[in-house]
There are 2 protein chains.
Amino acid sequence: MNAPPRMTRQRTAVADALADLADFRSAQQLHEVLRSRGDSVGLATVYRTLQALAEAREVDVLRNEDGESLYRRCARREHHHHLVCRGCGRTVEIDGPTVESWASTVGAAHGFEDIDHTVELWGTCADCRS
Amino acid sequence: MNAPPRMTRQRTAVADALADLADFRSAQQLHEVLRSRGDSVGLATVYRTLQALAEAREVDVLRNEDGESLYRRCARREHHHHLVCRGCGRTVEIDGPTVESWASTVGAAHGFEDIDHTVELWGTCADCRS
DNA sequence: GGCTTCATGAGAGTCATTCTCACTTTTGGT
DNA sequence: ACCAAAAGTGAGAATGACTCTCATGAAGCC
């Protein structure tokens, strides 16, 4: 059993920033946002905090096409998918077809276990097109 | 109009290796395979060749959970999805539910264009479990 | 055979992410 | 409040995948 995380200025700042931001952002972007707000937090700490939040399922993580990790505090905690803008990270939470059961069925049929799946949509939003 | 790629020893070696390998492999792994075969090819060339093949849709690319690119010469050229083993890269080509039309519909409904989607399944195969 | 042009590769460079470690803060008694 | 133990922090170094540079080599074409 691991102890609950400690409440530090940095952790709060990261959580607050995530609460304000609506879209998926990289750790570096978050770091910059915090800096410009005046809540300066070390880059390593931003990474650590985001990972911790992700493990606690407080934030969702996904990889953009460059393999960079993007983080977002989602409205719903239940499982869902995303439609994300390649340009600005603008995000819409969406309900996918029920891939969950399909995924584990297909997996089991081929002798695979611990099936996990990724279903994400990428596109260019109206703003990033003009 | 760009000229067709030249047929070099290196390009052939990479293509051959991909033809023999059944599973998703990283550029580094391919490089190692080539080296152990005796068909030594520079790492930069392996990367370049794989990218070229991917652009030509000769191979499929996907990102593992670490964000690393994995390549595979797939049996079918039509669109399909994969069930990949996290441990060894063992791959099964699968038919997913028809997400294609769903993807563009959902995208359009939110004002997004050039919709692209990722649907991949990850699991642990029988061999990697024992 | 010559020649033009693309391909190669060794090594340097980039960049996101992680690690190190000395220093600071929280937290949980007291 | 006080204090020690343990966790958190951050500047900078390290890692690792990938890309770039540029001098040299090899394809394709006459």
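In which sense do β4(A) and strand β6 of chain A pair, and over how many bridges? I found that they pair in the parallel sense, over four bridges, with β6(A) spanning residues 113-124. I keep in mind that this is a predicted model.

**Entry 1: around β4.** I picked out one bridge to β6(A): A:Cys85 has A:Gly123 as its partner there. Then I looked at strand β5 (residues 91-94) of chain A, which pairs with β4(A) in the antiparallel sense, also over four bridges. On that side, A:His81 is bridged to A:Ile94. β4(A) and β5(A) make a hairpin, and I counted five residues between them. In the turn I noted A:Gly89, whose phi is positive at about 85°.

**Entry 2: is β4 buried or exposed?** I checked the strand, residues 81-85, and it is mostly covered, with five of its five residues buried. Side chains in a regular strand alternate between the two faces of the sheet. In β4(A) I saw A:His81, A:Leu83 and A:Cys85 pointing one way, while A:His82 and A:Val84 point the other way. Residues on both sides are buried.

**Entry 3: the open sheet.** I next traced three strands of chain A that form an open sheet in the order β1-β3-β2, with antiparallel pairing. The edge strands are β1 (25-26) and β2 (60-63), each pairing on one side only. I found two bridges joining β1(A) to β3(A), residues 69-72. Across that pair, A:Ser26 stands opposite A:Leu70.

**Entry 4: two helices.** How do α1(A) and α3(A) cross? Their axes come within 10 Å and cross at roughly 65°, where α1 covers residues 9-20 and α3 residues 43-55. The crossing therefore counts as roughly perpendicular, a class that starts at 65 degrees. I noted it as right-handed. From α1(A), the residues in contact are A:Gln10, A:Arg11, A:Val14 and A:Leu18. They meet A:Thr45, A:Thr49, A:Leu50, A:Ala52 and A:Leu53 of α3(A). Sorted by class, I have five nonpolar, three polar and one charged residues in this contact.

**Entry 5: one arginine.** I looked up A:Arg6, which is in the segment before α1 of chain A. A:Arg6 counts as exposed because its relative accessibility is 71%, and the cut-off is over 50%. I also checked A:Arg6 against A:Asp60: they are 54 residues apart in sequence, and their C-alpha atoms are 21 Å apart in space.

Notes. Residues are numbered from 1 along each chain as its sequence is written. Chains are lettered from A and ligands numbered from 1 in the order in which they are written. This is a predicted model: local features need pLDDT of at least 70, side-chain atom pairs count only at pLDDT 80 or more; totals for chains, interfaces and linings use all residues. Side-chain values use heavy atoms; hydrogens and water are left out. Two strands pair if DSSP finds at least two bridges between them. Axes are lines fitted to C-alpha atoms, for helices over the stretch in contact, and angles run from 0 to 180 degrees between N-to-C directions. Angles under 35 degrees count as roughly parallel, over 145 as roughly antiparallel, 65 to 115 as roughly perpendicular and the rest as oblique. A crossing is left-handed if the near helix is turned anticlockwise from the far one by less than a right angle, and right-handed if clockwise. Contact means heavy atoms within 4.5 Å. Ala, Val, Leu, Ile, Met, Phe, Trp, Tyr, Cys and Pro count as nonpolar, Asp, Glu, Lys and Arg as charged, and the others, Gly among them, as polar. Buried means under 20% relative accessible area, exposed over 50%, partly exposed in between (1.4 Å probe, protein chains only).
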